[in-house]
Amino acid sequence: HTRERYAMWRDAHDLFGAGGGAVRRSTREPPGAGPANLVVSPVRALPQPGLLAALDRGFYLACPAGGVFVDQATGHFAVRSAAVSILHGKAVATHPLVELRGSLKRLLTGLAATGADLESFSLDCAVTTPSLLVHRLEIA
(Lines give C-alpha, C1' and ligand atoms only; values in the text may rest on other atoms or scores of the structure.)
Protein backbone atom coordinates (compact mmCIF):
# COMPACT_ATOMS: atom_id res chain seq x y z
CA HIS A 1 0.00 0.00 0.00
CA THR A 2 1.14 3.53 -0.62
CA ARG A 3 1.33 6.05 2.17
CA GLU A 4 0.26 8.97 0.03
CA ARG A 5 -3.17 9.65 -1.37
CA TYR A 6 -1.85 9.61 -4.96
CA ALA A 7 0.77 7.17 -6.20
CA MET A 8 3.39 8.10 -8.75
CA TRP A 9 4.93 5.90 -11.43
CA ARG A 10 8.22 5.79 -9.52
CA ASP A 11 6.36 4.16 -6.62
CA ALA A 12 5.12 1.31 -8.79
CA HIS A 13 8.52 -0.36 -9.03
CA ASP A 14 8.66 -0.74 -5.26
CA LEU A 15 5.11 -2.12 -5.19
CA PHE A 16 5.07 -4.39 -8.23
CA GLY A 17 8.66 -4.81 -9.42
CA ALA A 18 9.91 -4.31 -12.96
CA GLY A 19 7.43 -5.02 -15.66
CA GLY A 20 6.26 -4.28 -19.16
CA GLY A 21 3.11 -2.27 -19.67
CA ALA A 22 1.23 -0.69 -16.81
CA VAL A 23 -2.41 0.03 -16.17
CA ARG A 24 -3.57 2.79 -13.87
CA ARG A 25 -7.32 2.62 -13.25
CA SER A 26 -7.36 5.99 -11.48
CA THR A 27 -4.99 8.56 -10.01
CA ARG A 28 -5.86 7.22 -6.58
CA GLU A 29 -4.39 3.78 -7.32
CA PRO A 30 -0.82 2.78 -8.09
CA PRO A 31 -0.11 1.37 -11.56
CA GLY A 32 -0.37 -2.38 -12.02
CA ALA A 33 0.82 -4.79 -14.68
CA GLY A 34 -1.23 -4.91 -17.86
CA PRO A 35 -1.54 -3.53 -21.37
CA ALA A 36 -1.10 0.23 -21.41
CA ASN A 37 -1.97 1.05 -25.01
CA LEU A 38 -3.35 -1.42 -27.51
CA VAL A 39 -3.98 -0.19 -31.04
CA VAL A 40 -5.39 -2.45 -33.75
CA SER A 41 -5.02 -0.95 -37.23
CA PRO A 42 -6.82 -2.78 -40.04
CA VAL A 43 -5.07 -3.31 -43.37
CA ARG A 44 -8.12 -4.32 -45.44
CA ALA A 45 -11.07 -2.99 -43.48
CA LEU A 46 -14.72 -3.57 -44.30
CA PRO A 47 -17.37 -0.88 -43.87
CA GLN A 48 -19.67 -1.79 -40.99
CA PRO A 49 -22.58 -3.00 -43.19
CA GLY A 50 -20.13 -5.34 -44.96
CA LEU A 51 -18.81 -6.59 -41.64
CA LEU A 52 -22.34 -7.38 -40.40
CA ALA A 53 -23.25 -9.00 -43.75
CA ALA A 54 -20.29 -11.36 -43.25
CA LEU A 55 -21.80 -12.51 -39.94
CA ASP A 56 -24.29 -15.32 -40.51
CA ARG A 57 -25.19 -15.86 -36.85
CA GLY A 58 -23.67 -14.15 -33.82
CA PHE A 59 -23.49 -11.02 -31.72
CA TYR A 60 -22.42 -7.45 -32.30
CA LEU A 61 -21.02 -6.10 -29.03
CA ALA A 62 -22.00 -2.46 -29.07
CA CYS A 63 -20.95 -0.87 -25.78
CA PRO A 64 -18.32 -2.32 -23.40
CA ALA A 65 -19.43 -2.23 -19.75
CA GLY A 66 -16.33 -2.07 -17.59
CA GLY A 67 -12.85 -3.45 -17.86
CA VAL A 68 -11.48 -6.55 -19.51
CA PHE A 69 -10.63 -9.36 -17.10
CA VAL A 70 -7.51 -11.29 -18.15
CA ASP A 71 -6.22 -14.35 -16.30
CA GLN A 72 -2.51 -14.12 -17.05
CA ALA A 73 -1.88 -17.69 -15.87
CA THR A 74 -4.31 -19.29 -18.33
CA GLY A 75 -4.55 -16.63 -21.06
CA HIS A 76 -8.34 -16.43 -20.74
CA PHE A 77 -10.28 -13.16 -20.84
CA ALA A 78 -13.81 -11.88 -20.23
CA VAL A 79 -15.48 -8.59 -21.13
CA ARG A 80 -19.07 -7.48 -20.51
CA SER A 81 -20.99 -5.46 -23.06
CA ALA A 82 -24.38 -4.55 -24.42
CA ALA A 83 -25.00 -6.57 -27.58
CA VAL A 84 -27.23 -7.10 -30.59
CA SER A 85 -28.02 -10.59 -31.93
CA ILE A 86 -27.30 -10.89 -35.65
CA LEU A 87 -28.87 -13.46 -37.97
CA HIS A 88 -27.93 -13.48 -41.68
CA GLY A 89 -26.38 -10.02 -41.34
CA LYS A 90 -29.49 -8.42 -39.77
CA ALA A 91 -30.16 -7.34 -36.18
CA VAL A 92 -32.82 -9.54 -34.56
CA ALA A 93 -32.67 -8.80 -30.80
CA THR A 94 -30.94 -6.58 -28.24
CA HIS A 95 -29.26 -7.73 -25.04
CA PRO A 96 -28.50 -5.20 -22.28
CA LEU A 97 -25.61 -7.29 -20.89
CA VAL A 98 -23.65 -10.23 -22.26
CA GLU A 99 -20.21 -11.57 -21.40
CA LEU A 100 -17.73 -12.43 -24.11
CA ARG A 101 -15.09 -14.87 -22.93
CA GLY A 102 -12.46 -17.19 -24.25
CA SER A 103 -8.74 -17.52 -24.63
CA LEU A 104 -6.56 -14.80 -26.10
CA LYS A 105 -5.23 -17.42 -28.53
CA ARG A 106 -8.74 -18.18 -29.77
CA LEU A 107 -9.49 -14.44 -30.04
CA LEU A 108 -6.48 -13.89 -32.29
CA THR A 109 -6.83 -17.08 -34.36
CA GLY A 110 -10.59 -16.55 -34.77
CA LEU A 111 -10.20 -13.02 -36.16
CA ALA A 112 -11.93 -13.12 -39.56
CA ALA A 113 -12.29 -9.46 -40.53
CA THR A 114 -11.91 -5.89 -39.27
CA GLY A 115 -14.19 -2.91 -39.70
CA ALA A 116 -13.25 0.50 -41.06
CA ASP A 117 -14.39 2.24 -37.87
CA LEU A 118 -11.64 3.07 -35.38
CA GLU A 119 -12.97 3.76 -31.89
CA SER A 120 -11.22 4.20 -28.58
CA PHE A 121 -12.42 2.59 -25.35
CA SER A 122 -11.24 2.93 -21.79
CA LEU A 123 -11.34 -0.68 -20.58
CA ASP A 124 -9.05 -0.14 -17.59
CA CYS A 125 -6.44 0.56 -20.29
CA ALA A 126 -6.32 2.55 -23.51
CA VAL A 127 -7.64 0.42 -26.37
CA THR A 128 -8.14 1.75 -29.89
CA THR A 129 -9.65 -0.82 -32.21
CA PRO A 130 -11.93 -1.14 -35.20
CA SER A 131 -14.90 -3.49 -35.07
CA LEU A 132 -13.63 -7.06 -35.11
CA LEU A 133 -15.36 -10.10 -36.60
CA VAL A 134 -14.23 -13.09 -34.53
CA HIS A 135 -15.41 -16.68 -34.92
CA ARG A 136 -15.94 -19.22 -32.13
CA LEU A 137 -15.89 -17.23 -28.91
CA GLU A 138 -18.27 -17.92 -26.02
CA ILE A 139 -21.10 -15.49 -25.23
CA ALA A 140 -22.96 -15.84 -21.95
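Is Arg80 buried, partly exposed or exposed? I looked it up and found Arg80 partly exposed, at a relative accessible area of 45%. My cut-offs: buried is under 20% relative accessible area, exposed is over 50%, and partly exposed is in between (1.4 Å probe, protein chains only).

**Ground rules.** I am working on a predicted model, where local features need pLDDT of at least 70 and side-chain atom pairs count only at pLDDT 80 or more, while totals for chains, interfaces and linings use all residues. Residues are numbered from 1 along each chain as its sequence is written, and side-chain values use heavy atoms, with hydrogens and water left out.

**Entry: the sheet.** I traced an open, antiparallel sheet of 4 strands, ordered β4-β5-β6-β9. Its edges are β4 (57-71) and β9 (138-139); each has a single partner strand, so one side of each lacks a neighbour in the sheet. For the record, strands (E, at least two residues) and helices (H or I, at least four) are DSSP runs numbered from the N terminus, and two strands pair if DSSP finds at least two bridges between them.

**Entry: strand partners.** I then went through the pairs. β4 and β5 run antiparallel and are joined by 11 bridges, with Cys63 opposite Ala82 in β5. These two strands make a hairpin with 4 residues between them, and Gly75 in the turn has a positive phi of about 80°. Next, β5 (residues 76-87) pairs with β6 (residues 90-103) over 11 bridges, again antiparallel. There I found Val79 facing Leu100 in β6.

**Entry: salt bridges.** I counted these as a Lys or Arg side-chain nitrogen within 4 Å of a carboxyl oxygen of Asp or Glu. The whole structure holds 3 of them. Glu99 pairs with Arg80, with the closest N and O atoms 3.3 Å apart. That pair ties β6 (Glu99) to β5 (Arg80), 19 residues apart in the chain. Glu99 also bridges to Arg101, at 2.8 Å between the closest N and O atoms. Glu138 and Arg101 meet at 3.1 Å, N to O. This one links Glu138 in β9 with Arg101 in β6, 37 residues apart.

**Entry: how covered is the network?** Glu99 counts as buried at 18% relative accessibility. Arg101 is partly exposed at 29%, and Glu138 is partly exposed at 44%.

**Entry: a nonpolar spot.** Val68, Val70 and Leu104 make a nonpolar surface patch of about 190 Å². Val70 lies in strand β4 and is partly exposed, at 37%. Patch residues have over 30% relative accessible area and no salt bridge, with nonpolar side chains (Val, Leu, Ile, Met, Phe, Trp, Tyr) joined within 5 Å and like charges within 9 Å; areas come from the Shrake-Rupley method with a 1.4 Å probe, and for residues only the protein chains shown count as cover.
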